Each structure stands twice: as structure tokens, then as C-alpha cells.
Amino acid sequence: MAHAIRNEQVKSTAPQIKARALSLVAVNKSSKQAVQLKLKPRAKIPCHRLPFVGRSSPEQPFSFWHVPLTGGYGGGCETGNYLAAFLLIHLREQSRDEMAITTLGSIAGDWLKAAQTATPSEFDALRGQVIGFMTKLSPWLIAAADQLGKNLEKIDPKELLKKANAGLKAEVAL
């Protein structure tokens with residue numbers, strides 16, 4: 001696989017809409033087919049503007065990880081890292097939107113869904129994407145816990161573990 005990362009400004013005719021664009025181009029040397037992630041700045045639902053949210057066809061439900069499983073582990077790490085930056089920007093812009101709280105969980109759910117059907121080489125790429133994504137988020141989570149986690153010391157670890165273990169026994173349909 002050959003990879004190229006391009007940063008470019010996407011300008012819209014709508015007033016005050018500017019979005020950063022990252023296009024990941026993965027070219028399969030055997031088939032010469034290019035796969036690109038694209039921004040969708042005009043999507044009505046904010047999370048649908050993210051380059052990794054999409055669907056294969058109109059009949060398919062939206063996936064919160066609609067990313068080609070290509071590029072191997074290394075390319076996946078790079079891709080995941082860049083895509084996590086889009087999530088951080090999205091969360092900052094949508095911080096007052098209650099739906100933003102579910103975005104990371106939806107992404108993780110779709111990682112698991114992708115892993116179920118991935119070939120070994122696709123799984124390798126997905127693993128890299130997840131590692132790169134979470135590596136980018138970790139410093140932000142550390143900073144948030146440090147700055148906003150003043151009450152974390154008040155949590156009883158034994159009670160927390162008891163509740164976590166109770167969830168392992170529950171058969172709750174969501």
C-alpha cells in the first residue's frame with residue numbers, strides 16, 4: 001500500500017462554514033483503486049460530517065467506523081491518529097449536544113462489528129486504526145481527568161469494582 005496524507009481547507013458557500021479536511025488515500029498497488037475518506041460539511045446531523053462516519057449504500061445503517069481496513073498495522077495507526085483529531089474537534093464543537101456523549105461508544109461498537117468479519121490483514125489494519133485512535137485520545141483524557149476529576153478521589157474503588165462485577169452478571173437488553 002502506498003499512503004499519502006493531504007491537509008486542505010474546505011470552503012463552503014454557506015456563510016462561516018470552514019472545515020479542515022484530511023484525505024487519506026490508500027492505493028492498492030495490485031488493483032490501483034484509490035480509497036478516500038471525505039468530509040461531508042453539509043450533512044444535517046453533525047456526527048455524519050465526520051470522515052469516518054458513513055454507509056456502504058443507502059439501504060445500510062450508518063456506521064461510526066466506515067473506514068477501509070487497509071494499510072496494515074502501521075498505516076492503520078497513522079489513520080486512527082488523524083481520525084481521532086476529527087473526533088476531538090467534533091466533541092469540542094458539539095459539547096452542548098447530548099448526542100455527542102454517545103459518539104465514542106458508537107465508534108467502539110462499530111470497531112467490534114468490523115472485527116467480526118475482517119480477514120486477518122483487515123484485522124491487522126483495524127487493530128492499528130484502534131491503537132492510533134486511542135493513543136491520540138489518551139493525552140486528552142489524562143488532561144480532562146487531571147483538570148476535571150477533582151471528585152475522583154471520593155469514589156470508593158471497592159464499590160466501583162462491585163458495580164462493575166454486577167454488570168458482568170446482568171443480562172440487560174439495551
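Reply: Happy to. A cut-off to start with: a residue is called buried under 20% relative accessible area, exposed over 50%, and partly exposed in between. Also keep in mind that this is a predicted model.

Me: Good. With that cut-off, is Lys-113 buried or exposed?

Reply: Lys-113 counts as exposed, because its relative accessibility is 52%.

Me: And which side chain does Lys-113 meet in a salt bridge?

Reply: That of Asp-110, with 3.5 Å from N to O. Both residues lie in helix H2, three residues apart, which is about one turn of the helix.

Me: What does Asp-110 touch, leaving out residues up to four places away in sequence?

Reply: Phe-62, Ser-63, Phe-64 and Trp-65.

Me: Let's switch to aromatics. How many aromatic pairs are there in the whole structure?

Reply: A search finds five. One of them is Phe-52 with Trp-65, a tilted pair with 5.3 Å from centre to centre and 40 degrees between the planes.

Me: Where do Phe-52 and Trp-65 lie?

Reply: Each is in the loop between strand E3 (34-36) and helix H1 (72-93), so the pair ties together parts that are 13 residues apart in sequence. Phe-52 and Trp-65 are both buried.

Me: What about Trp-111 and Phe-133, how are their rings arranged?

Reply: The planes are at 85 degrees and the centres 5.3 Å apart, so this pair is edge-to-face. It links distant parts of the chain: Trp-111 sits in helix H2 and Phe-133 in helix H3 (residues 120-148), 22 residues apart. Trp-111 and Phe-133 are both buried.

Me: Which residues do the ring pairs link into a cluster?

Reply: Phe-52, Trp-65, Trp-111 and Phe-133.

Me: What happens at the start of H4?

Reply: A side-chain oxygen of Asp-156 comes to within 3.2 Å of the backbone nitrogen of Lys-158.

Me: And what span should H4 have, at 1.5 Å a residue?

Reply: Its 13 residues (157-169) should span 18 Å. The end C-alpha atoms are 19 Å apart, which agrees.

Note on methods: Residues are numbered from 1 along each chain as its sequence is written. This is a predicted model: local features need pLDDT of at least 70, side-chain atom pairs count only at pLDDT 80 or more; totals for chains, interfaces and linings use all residues. Side-chain values use heavy atoms; hydrogens and water are left out. Helices (H or I, at least four residues) and strands (E, at least two) are DSSP runs, numbered from the N terminus. The expected span of a helix is 1.5 Å times one less than its number of residues. A polar contact is a pair of N or O atoms within 3.5 Å; within protein, one must be able to donate a hydrogen and the other to accept it, and residues adjacent in sequence count only if both atoms are side-chain atoms. Contact means heavy atoms within 4.5 Å. Rings of Phe, Tyr and Trp (its six-membered ring) pair if their centres lie within 6.5 Å; planes under 30 degrees apart count as stacked, over 60 as edge-to-face and the rest as tilted. Buried means under 20% relative accessible area, exposed over 50%, partly exposed in between (1.4 Å probe, protein chains only). A salt bridge is a side-chain nitrogen of Lys or Arg within 4 Å of a carboxyl oxygen of Asp or Glu.
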